[in-house]
Amino acid sequence: MATGSSLAQSLRRVFTMSPKVRSVGLNCHRTNATVSYAEPTTLLITCMDRRVNPDVYLKMDLGSTFILRNPGNFVPHAADVPTSQSSSELAALEMTVNMLNLKNIIVCGHSDCKAIHTLRGLKQCCVPPEAHQGPLATWLKTGGKRTWYKYLTEQQKEGYHTMFSNISDSRFMSRLDPESKLCTEDRISQINVLQQIENICSHNFLQDTLRGNSVQLQGMWVDVHDQTTHIFNWQKMRFIEVQNVKEQVHDRT
């Protein structure tokens, strides 16, 4: 049985092959082309909504980004995952960050998110899901309960400041939508992006890498109606519209 270190070595060998070995031949009707992929640098965690097209919004080099999709772009918090269990999201984080040494993790939410709409519509979101509710309700309640709690807490404060935990339980603050232009669901969607960053930071198997600042965590939010992209600005404590995401993901300001 392969150990963790030998598995990591095998994965690195696969992704550090020469471009010629890693290139893929594409047999098309009009032409035969060989496509060379860039070295992977980024893990993007985003929603499965068809309107969120990472190739359009990120404009990254071909092959540079691993993409993980699920309803609501959730990552389980460590406290919500029994020690004997895992999830595809956590497996993807360990593979890309710890084993392949990727430099960027982007959590991307979006406007008019149907998962967030459904989460808001569920009764008693913070109550544990029941078996008869089905897999979607169970997924949303489990993955979205911390987001929903943050939203409820935010409503009780003036100025809409929300506190999140970061690496080693340090804190960062947000002041989302200061002009109150967003609808409720879009507000929750932005809170949800930051909550997933907190969830990622809660896992012990990522602590050494995150503390070493070798990986940049970034929140992104896309307005699917006007096709604008917004990056969370750590100093301004809110999402700021940007033109070039590729440049911004490396700038933690």
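**Reading a pocket, a buried aspartate and a helix**

β8 (216-223), β9 (228-233) and β10 (238-242) each contribute at least two residues to the lining of the largest pocket. The model is predicted.

Trainee: Which strand supplies the largest share of that lining?

Mentor: The largest share comes from β10, with four residues.

Trainee: How much space does the largest pocket hold, and how many residues line it?

Mentor: The largest pocket contains about 310 Å³ of space, and 15 residues line it. Nearest its centre lie Asp177, Glu179, Leu182, His230 and Phe239. By class, the lining comprises seven charged, five nonpolar and three polar residues.

Trainee: I turn now to aspartate 112. Where is it found, and why does it count as buried?

Mentor: Buried means under 20% relative accessible area. Aspartate 112 has a relative accessibility of 16%, and therefore counts as buried. It is found in the loop between β5 (104-110) and α5 (114-121).

Trainee: What span does helix α7 reach, and why is it described as largely enclosed?

Mentor: The expected span rests on 1.5 Å a residue. Helix α7 (residues 184-201) has 18 residues and reaches 26 Å from first C-alpha to last, close to the expected 26 Å. Of its 18 residues, 17 are buried, so α7 is largely enclosed by the rest of the structure.

Notes:
Residues are numbered from 1 along each chain as its sequence is written. This is a predicted model: local features need pLDDT of at least 70, side-chain atom pairs count only at pLDDT 80 or more; totals for chains, interfaces and linings use all residues. Side-chain values use heavy atoms; hydrogens and water are left out. Buried means under 20% relative accessible area, exposed over 50%, partly exposed in between (1.4 Å probe, protein chains only). The expected span of a helix is 1.5 Å times one less than its number of residues. On a 1 Å grid over the protein atoms alone, a cavity is a set of points where a 1.4 Å probe fits but cannot get out, and a pocket is an open set with protein on both sides within 12 Å along at least five of seven lines; lining residues have an atom within 4 Å of a point. Grid points are joined across faces, edges and corners, and a volume is the space filled by probe spheres set on the points. Ala, Val, Leu, Ile, Met, Phe, Trp, Tyr, Cys and Pro count as nonpolar, Asp, Glu, Lys and Arg as charged, and the others, Gly among them, as polar.
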